[in-house]
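Reader: I would like to learn how to read a model like this one. Please take me through it feature by feature.

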Amino acid sequence: MENFSLGIDLGGTKIATCIIDNNGNIFARVEMPTLAKEGPEKVISRMKKSVYDVLSQINLSLNEIAGIGIGVPGPIDVEKGTIQNPPNLPGWKDIPLCSIMFREFNTKIIIENDANSAALGEFLFGAGKGVKNFIYITISTGIGAGIFIDGKLFKGIGRNAGEVGHMTINFEGPICGCTNSGCWEAYASGTALSRFAKEGILSGIKTKIIEKARNEEITAEHVFSAARKGDNFALTLVENEGYYLGVGLANLINIFNPGLIAIGGGLTQCWDMFYSKMMKTIKERSLPANLKHLEIVKAKLDKDAGAIGAASLAFL
Ligand SMILES: [Zn+2]
């Protein structure tokens, strides 16, 4: 069996591609912007380029790898190898990604929901190693999860389980990218955080977030960086982030009674700023019995979890 495998993590903002060995060690890595607004054709050609780029970094040929695993935003059809219509990838509808990539590379191609891939990375090689009842949550453009029950990734009948970002938190809340209203990710994702910032600014609140963003579109990162400078409005937004996260996590804790929850994704870069509010909310809202054996940690593989997990699919 080949000792190397290639993984692509296709996100709403970036494409991360890496080559790992069967212990999860990274040997080559590239990252490029997704530029999702340009549509599927251009994004796929960037994905192809990222494959050639990582291979050439360590002078590896396609027949020296076990295959290519791709973590993609759901919903997906694993049997057909298609990406259906992810809210974070505008213009994508029933794109046969597996066959497109197979035509290019002529090697084993496997696609998996992006959160499941990252969860698999954390389960096999990261924070969740050896934990049988484990939930991995990723908070970035959206919110996703991979849920392990008794040592197995819970996939659901159509392999789209774990879409925790779309559980309803508020009956009449804001409209989510999935068209439902009041979803968890409409409150606690990076997209939501930047939306709350914009709404505040439009209502006349004075904040350093505007200086941080200059003429760019306001992002969650601008909010964090203003919060680190002590900006009151940004601090309130980050505190609310901890609250919203805590509410959703308490729901999951009550349903699944996990032993460990690892949280990854871009928003964990302000982990220290929302951690205590998140934990306080979790303690207030979870059943005490379900908190007894629970540990909550920051994910270990950081931004590489998705690509490492995707690559590990080709070994399975
Ligand atoms: Zn939703």
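**Reading the model**

Author: Start with one residue. Y275 has a relative accessible area of 31% and is partly exposed. Buried means under 20% relative accessible area, exposed over 50%, and partly exposed in between (1.4 Å probe, protein chains only). This is a predicted model: local features need pLDDT of at least 70, side-chain atom pairs count only at pLDDT 80 or more, and totals for chains, interfaces and linings use all residues. Residues are numbered from 1 along each chain as its sequence is written, and side-chain values use heavy atoms, with hydrogens and water left out.

Reader: Is W271 buried or exposed?

Author: W271 counts as buried, at 13% relative accessibility. W271 and Y275 are 4 residues apart in helix α9 (residues 271-285), so about one helical turn separates them. Helices (H or I, at least four residues) and strands (E, at least two) are DSSP runs, numbered from the N terminus.

Reader: How many aromatic pairs does the structure hold?

Author: Rings of Phe, Tyr and Trp (its six-membered ring) pair if their centres lie within 6.5 Å; planes under 30 degrees apart count as stacked, over 60 as edge-to-face and the rest as tilted. The structure holds 11 aromatic pairs. The ring centres of W271 and Y275 are 5.4 Å apart, with planes at 45°, so this pair is tilted. One aromatic cluster is formed by Y187, F196, Y243 and Y244.

Reader: Now the metal. Which residues are the protein donors of the zinc ion?

Author: Donors are N, O and S atoms within 2.8 Å of the metal (3.2 Å for Na, K and Ca); water is not among the atoms, so sites may look incomplete. Here the protein donors are H166 (ND1), C176 (SG), C178 (SG) and C183 (SG), 2.0 to 2.4 Å from the zinc ion. Their spacing along the chain is H-x9-C-x1-C-x4-C. H166 is partly exposed at 22% relative accessibility, whereas C176 is buried at 7%.

Reader: What is the geometry of the zinc site?

Author: Ideal angles for four tetrahedral donors are 109.5 degrees. Four donors count as tetrahedral if all angles lie between 85 and 135 degrees. The 4 donor atoms of the zinc ion make angles of 103 to 124°, and the site is tetrahedral.

Reader: What is the strand order in the open sheet of 5 strands?

Author: Two strands pair if DSSP finds at least two bridges between them. The order is β3-β2-β1-β4-β7, with mixed pairing. β3 (26-33) and β7 (109-113) are at the edges with a single partner strand each, so one side of each lacks a neighbour in the sheet. Strands β1 (residues 4-10) and β4 (residues 65-72) run parallel, joined by 5 bridges. L6 stands opposite I68 in β4. β4 and β7 also run parallel, with 5 bridges, and G69 stands opposite I110 in β7. In β7, 4 of the 5 residues are buried, so the strand is largely enclosed by the rest of the structure.

Reader: Which strands does helix α1 lie across?

Author: Contact means heavy atoms within 4.5 Å. Axes are lines fitted to C-alpha atoms, for helices over the stretch in contact, and angles run from 0 to 180 degrees between N-to-C directions. Helix α1 (residues 40-57) lies across β1, β2 (14-21), β3 and β4, at about 150° to β3. Helix α3 (residues 114-125) lies across β1, β2, β4 and β7, at about 95° to β7.

Key. Tetrahedral: all angles 85-135°; square planar, octahedral: opposite > 155°, others 65-115°.
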